[in-house]
Amino acid sequence: MSVIFGKSTRGQPTVIYHGFEYIKDRDNVNGTVAWRCQFYKSMKCKTRLVTLDDRVISEKQLEHTHSGNKSKSMARKAVGEMKSAMSDMTVTPSSSQANVSVGLEDRVLQALPKRRTLSRSLQRYRSKVVQADNRGNPLPALPSDLHFDIPNQFADMILYDSGPGDDRIIIIGCNQLLDGLARADVWLADGTFKVVPSVFFQLYSIHFNFSDGLNPAAIYCLLPCKTENTYNRALAEIHRLIPSAAPV
Ligand SMILES: [Zn+2]
């Protein structure tokens, strides 16, 4: 009987075998992998497995000190997958639940925690990932108006900031991509309202043709409104950043 590989809710590799879940103990030098029952601590369960590829090649202590439940084991594996998906910042708790749940049998779905509980724990997981990426610092609170100060940690990516005020324009990017934009013959502009922080009106991005089909964004402009004056101010700043540019 082969095993099912997964990840525990804490991100450790697991296998599910005969309804019991095992946590990876170590890779052996001969290429096999040693696992121990997930309840080795809490239930003092001494059951161990050794696998080679997706097969169990040895089992130690066949009696578990607790009962197994394949649906619950599979549900835990599913939660592990949902958490992995949350490392992608565009994924929401509901989309990660929906994507993983699609492939699950009913009895596994029933063994999942309640939707709201799950959403909360996925959100908590996301905050931890973000915090870890940010050298252990939580992200600053979202601004509630256009009078906020830009935290030092983001100063490097700010190419232009017209300063606190209701007509604030912020241009974000990096010098390397500006360089690419300056050399490009073709610029492409794109505006979106969908992912814009609520204090701004529009995110305007300028892309350039890098190679066939590859059009990286070089500049992001956060704009407070869509008046001609606003666009002109933004374009004037872009021109100041790349004086040599002569795009079509
Ligand atoms: Zn056990």
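1. The crossing of helices H1 and H2 is right-handed, a term for a near helix turned clockwise from the far one by less than a right angle. This is a predicted model, in which local features need pLDDT of at least 70, side-chain atom pairs count only at pLDDT 80 or more, and totals for chains, interfaces and linings use all residues. Residues are numbered from 1 along each chain as its sequence is written.

2. The axes of H1 (residues 70-86) and H2 (residues 93-101) come within 9 Å and cross at roughly 135 degrees. Axes are lines fitted to C-alpha atoms, for helices over the stretch in contact, and angles run from 0 to 180 degrees between N-to-C directions. H1 and H2 are therefore oblique to each other; angles under 35 degrees count as roughly parallel, over 145 as roughly antiparallel, 65 to 115 as roughly perpendicular and the rest as oblique. Helices (H or I, at least four residues) and strands (E, at least two) are DSSP runs, numbered from the N terminus.

3. On the H1 side, Ala 78, Glu 81, Met 82, Ala 85 and Met 86 meet Ser 96, Gln 97, Asn 99 and Val 100 of H2, contact being defined by backbone-placed C-beta atoms within 7 Å.

4. Six strands form an open sheet in the order E1-E2-E3-E4-E5-E6, with antiparallel pairing; two strands pair if DSSP finds at least two bridges between them. The edge strands are E1 (4-7) and E6 (55-60), each pairing on one side only.

5. Antiparallel strands E4 (residues 33-37) and E5 (residues 48-52) are joined by 4 bridges. Val 33 stands opposite Thr 51 in E5.

Technical notes. Contact = placed C-beta atoms within 7 Å.
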